[in-house]
Structures are given as C-alpha cells and as structure tokens.
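Subject: A structure to look through

Hello,

I am handing over a structure that I have been going through, and I hope you enjoy exploring it. Please open it below, and then read on for what I found.

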Amino acid sequence: MKSTRRKFLQNGTLAGLGVLSASQGLAAPFYIAKDWKISPNDKIRLATVGMGIQGHYDTNSALKVPGVELVAVADLYTDRHIRTKEVFGKDIFTTRDYRELLTRSDIDAVLIATPDHWHDTITIDSLKAGKNVYCEKPMVQQISEGRAVIDAWKASGKTMQVGSQSISGSVFQEAKRLLQAGEIGQINFIESNSDRFNSIGAWNYTIPDDATAENTNWDVYLKDTPKLSFDPKRYFRWRNYKYYGTGVAGDLFVHLITGVHYATGSHGPNRIFASGNLSFWKDGRDVPDVMVAILDYPKTAQFEPFQMVLRVNFANAGAIVNNTRIIGSEGQLDIRGNSLILSKNKLQKAPGFGGYDSVFTFPEEKQKTMEAAYKAKYSEEDRKYIPVKETTFKAPDGENSSILHFANFFDNIRKGSQSTIEDPVFGFRAAAPVLACNESYFQQKPILWDPETMKLKKK
Ligand SMILES: NC(=O)c1ccc[n+]([C@@H]2O[C@H](COP(=O)([O-])OP(=O)(O)OC[C@H]3O[C@@H](n4cnc5c(N)ncnc54)[C@H](O)[C@@H]3O)[C@@H](O)[C@H]2O)c1
C-alpha cells in the first residue's frame, strides 16, 4: 500500500508515542512553512554532525521514531567515522566537513551534537541549505549569537528543535497542566539543582592516547577561538573550557530553566546574578565547579514576580537530592526525574492564637478576653488545620523523553510546521539567561535581560 504523509501522521510517530500536540505547549508558530519536501517514500533522512557521546544517544533515539533513516555523519575526529560504521552500518557516508552534507539533496534533517561553540554556525549553514535542524542545548554559546539563529530559522521556513528533551516527557506535560489549572496558586519561588560527585560527571571523559592535531582536525575545531597548540583535554573535555563550552550553567542550568519555562509558560528573568567557585576539580579547567544563580522573574500578565535559584555543585560529597521545586501560595510541585509530587497546602482562615505567640506575655484576664473574642470571630471550621495533601505522578514505565522530543521534531517536519515544542525562540529564551549566569560570574555583577525583546539591557 502506498503510504501518504497524512496516513503516516495518523498511524505513526506522535499519536503512537502519546505526545501532546505542539500547539498545546507553545504559542502559535510564526508561520507554517509552505514549501516542504521529504525524500522519496516518506522517510526522513537524517545526518548527524558530531558523533560523540550525545551524537550516539541522540541518533539512537531519532532512529527509534518510525520512518527515520541515518544516511551520513560528519565528525572532525576520524576514529568516530570508524565507530559510526561499526554502530550504524558500513554504508553510512562519513566526512570531516559538515558542509559536504549540506549540499546533498537527499538529506532532510541535520542533528547537531558538536561542542557548544559550533552550534550557531552549523545551525545557520544547515537552515540556509534548506535542512531541518535538531540542535543540542544550549542553542548557542554566546548571547550575541541567538538572534542570527532565530532570523535564519524564520527566513528558512524549516523546522527546528532545540535539544532539552525532558520537556517532552509526561512529567513536564503534567507539571504544565497542574500549573495552568492553578493547583499551587501564585508562584513565588522556584529552586532547582543538579549536583554530582564523580569524575566522569565532572566532565573528565576518557581521552584516546593516539589523538593528534591531525586526526582531530584541531585547527578547524578551534574555529574563532585563540589558536592554541593541540591539547587533547581541550578537545575531548571541552566542557571544562570557556572557549568551547558554557560551563555548568550552559550544560545543566539550561535543562532546569527549560523545564521551568515550559511548565510555567514564562519567557524568562529580567535580572540574573551568579556566584561560584572552582572548588574541587582543579585540573586545569577555567570554569567553576560550584555555581549558584538567582534569577528574578518580572511581573507579567500571568505572574506576580518570583525568584528562581539554580545550583550545581560538582563537589557534593554529601547526600545528593536533585530536584526542581516550583513553590506557590497554595502548594508546590516537586519534580524528581520521572516523578512529580504535587503538595497542596492551604492556610486555614483563622490566623492562629496561642502557642509560640505573644498571648502568654499578656495579663491573665486579658488573655481570657482575647481568646473569647478570637473564638467568636473564627468558627471551629475556620480554626481547623488543613492537612497537606500529596499526589504523586509517575511517567509511564519505559518512557523515553528523548525519543518523544525527536518524534515531535519529525512530526513537525512532516506537517511542514515550525511549531516544535522547543523552537529557537524558546531555545534562546532558555539559553540566554544561563549564558548570562556565566557573564555575571566572570564580570562579578548582575546582568539585566529583557525576556520579551530577547536583548541585554544596560543599567
Ligand atoms: N540534551 C542532553 O541531555 C545532552 C547531554 C549531553 C550533551 N549534550 C550536548 O550535546 C553536545 C555534544 O556533547 P557530547 O558530550 O556528545 O560531546 P563529545 O565531545 O562527546 O562529542 C562532540 C563531537 O563533535 C565532534 N566535533 C567537534 N567539532 C566538530 C565540527 N565542527 N564538525 C563536526 N564534528 C565536530 C567531536 O569530534 C566529537 O565527536 C553538546 O552541545 C552538549 O551540550 C546534550
């Protein structure tokens, strides 16, 4: 039977994977692309740029979505070409130069999983070449790079997804639903942390002993950063260096803030202050391993002002409890991995009388009349303590938010739509505040940001 795109949409991808439609999660798209084309027989043909750790994870997730095929891989390091063929098949085309993929008319989508300093350039080149783009988080490495990516995306009419996958999972879908239903009242504070205590978790990935400037294509890797001589640590542990990575803020805060923006619908903070320290991993890195950021969210039509506090501690040898707590005037949402706990906590009407109170410091007679007046004013019901009510939500067993995130991307490609769950405007609104954390840390001052116009503000 000849498959049609419409039939595919009905039978496969998102419907089968149980994802909400993009329009349920985001504002209306800027526009719907008109001139979309998919390669023969409805397959989406994918090329990955950067087949390192996440390139492997992402490509595997993408290929679990029905109707997706990997055809090519670009990576600067030649050993990763060999590994690509071992894992994904000997016929996969491999190259060191991603631009070779962009001239091929049989590639529909490009997945970018390179170090952060390459994200903007490869994204813009891919969009200009008419490719749909899935770009890993953070969308850009510098705040100044965001606008050009958004402009290229709008001009291209192509579909783009930024890769903070957890928002496609059912925990964040549920968090959004609960917040919209007003279950925790008015948000006043959000805290989220992502601590670790192990060497690999602190980004010290294994380095091959035969890596050279030649087989890693070092000069190309450096791009527009200072022309340093070959240093395998700067290549294989690029997160530890500010020229190539984005520190704990870009690596981990970005996931926390993406989840919060998705669940609340907020566009972002207007004042960002971060403080930190290189406290434990003194291995030559030039970014902190402990960082705390305070982000002030302004009043909007939907929200009263609230604060968000983000923390990463790579030297937490104590008990690690990583969670995101969204606290409101009537309860909280506590998100931990695949589960979410809603606690509803309403104050009783009566303000309280006695106990740790000033009452006992007044004369006996006065206490009696005050108590009688209090009881006359507030009924027993008004005085009754309302117990905290907890409801736990768990994601379905085996749910994989990365596959769902890719499914949302491919589904939008098939529809010719730009309204993915994490489009570049959303992606930049999540990236810019975390990049501002780095600015704040290095400049030792608060950074002002306009989340609506997406521009830095002067004092
Ligand atoms: N969404 C998530 O949960 C998640 C998790 C981990 C990493 N990431 C993101 O994925 C990206 C990759 O991280 P990683 O841990 O896989 O890094 P990695 O070092 O393991 O892999 C990067 C790969 O890119 C290649 N490369 C570098 N510059 C290139 C270029 N110009 N052209 C082609 N190939 C190039 C390298 O050779 C390497 O194979 C980063 O942006 C990171 O923030 C996201």
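Predicted model: local features only at pLDDT ≥ 70, side-chain atom pairs only at ≥ 80, totals over all residues.

**The six-stranded sheet**

That pair of residues belongs to two strands that run parallel: strand E1 (residues 44-49) and strand E2 (residues 68-74) are joined by six bridges. In general, strands of a sheet pair through backbone hydrogen bonds, either parallel or antiparallel. Here six strands make up an open sheet with parallel pairing, and their order is E3-E2-E1-E4-E5-E6. At the edges you will find strand E3 (93-95) and strand E6 (160-163); each has a single partner strand, so one side of each is left without a neighbour in the sheet. From one strand to the next, the twist averages 20 degrees.

Helix H7 (residues 119-128) packs on it and touches E1, strand E4 (109-112) and strand E5 (132-136), with a direction that makes about 170 degrees with that of E5. Helix H16 (residues 401-415) also packs on the sheet, touching E1, E2, E4, E5 and E6; the direction of H16 makes about 170 degrees with that of E6.

**Around the ligand**

What surrounds the ligand? There are 26 residues around it, and the closest are Gly 50, Gly 52, Gln 54, Tyr 77 and Glu 136. Helix H4 (residues 53-63) gives the most to this shell, with three residues. Sorted by class, the shell has twelve nonpolar, eight polar and six charged residues.

**The ten-stranded sheet**

There is also an open sheet of ten strands with mixed pairing, in the order E14-E13-E12-E11-E7-E10-E9-E8-E15-E16. Strand E14 (389-394) and strand E16 (455-457) stand at its edges with a single partner strand each, so one side of each has no neighbour in the sheet. Ignoring direction, neighbouring strands of this sheet are turned by 20 degrees against each other on average.

At one end of that order, strand E15 (residues 447-450) and E16 run antiparallel and are joined by three bridges. If you look at Leu 448, its bridge partner in E16 is Lys 457.

Helix H9 (residues 170-180) lies across strand E12 (331-336), strand E13 (339-344) and E14, and runs at about 20 degrees to E13. H13 packs on this sheet too: it touches E7, strand E8 (271-277), strand E9 (290-297), strand E10 (306-313), strand E11 (324-328) and E12, and its direction makes about 145 degrees with that of E10.

**How the helices pack**

Two packed helices are described by the angle between their axes and the distance between the axes.

Take H7 and helix H8 (residues 146-156): their axes come within 9 Å and cross at roughly 15 degrees. That angle makes H7 roughly parallel to H8, and H7 passes H8 in a left-handed crossing. On the H7 side, Asp 120, Thr 123, Ile 124, Leu 127 and Lys 128 meet Ala 148, Val 149, Ala 152, Trp 153 and Ser 156 in H8. By class, this contact has six nonpolar, two polar and two charged residues.

H8 also packs with H17, at an angle of about 175 degrees and with axes 10 Å apart. This makes H8 roughly antiparallel to H17. Gly 146, Val 149, Ile 150 and Trp 153 of H8 make the contact with Pro 424, Val 425, Phe 428, Ala 431 and Ala 432 of H17. By class, the contact has eight nonpolar residues, one polar and no charged ones.

Finally, helix H13 (residues 247-264) and helix H17 (residues 424-443) pack at about 140 degrees, their axes 8 Å apart. That makes H13 oblique to H17, and the crossing is right-handed. The contact has ten nonpolar, five polar and one charged residues.

**Two spots in the backbone**

Most residues other than glycine have a negative phi, and most peptide bonds are trans. Against that background, a cis peptide bond joins Lys 137 and Pro 138, with omega about -15 degrees; Pro 138 lies in the loop between E5 and H8. Trp 203 has a positive phi of about 75 degrees although it is not a glycine, and its place is in the loop between strand E7 (187-193) and helix H10 (213-216).

Key. Residues numbered from 1 in each chain as written. Axes fitted to C-alpha atoms, helices over the stretch in contact; angles between N-to-C directions. Helix = DSSP H or I, 4+ residues; strand = E, 2+ residues; numbered from the N terminus. Parallel < 35°, antiparallel > 145°, perpendicular 65-115°, else oblique. Left-handed = near helix turned anticlockwise from the far one by under 90°. Nonpolar A, V, L, I, M, F, W, Y, C, P; charged D, E, K, R; others polar. Pairing = 2+ DSSP bridges. Contact = placed C-beta atoms within 7 Å. Near = placed C-beta within 6 Å.
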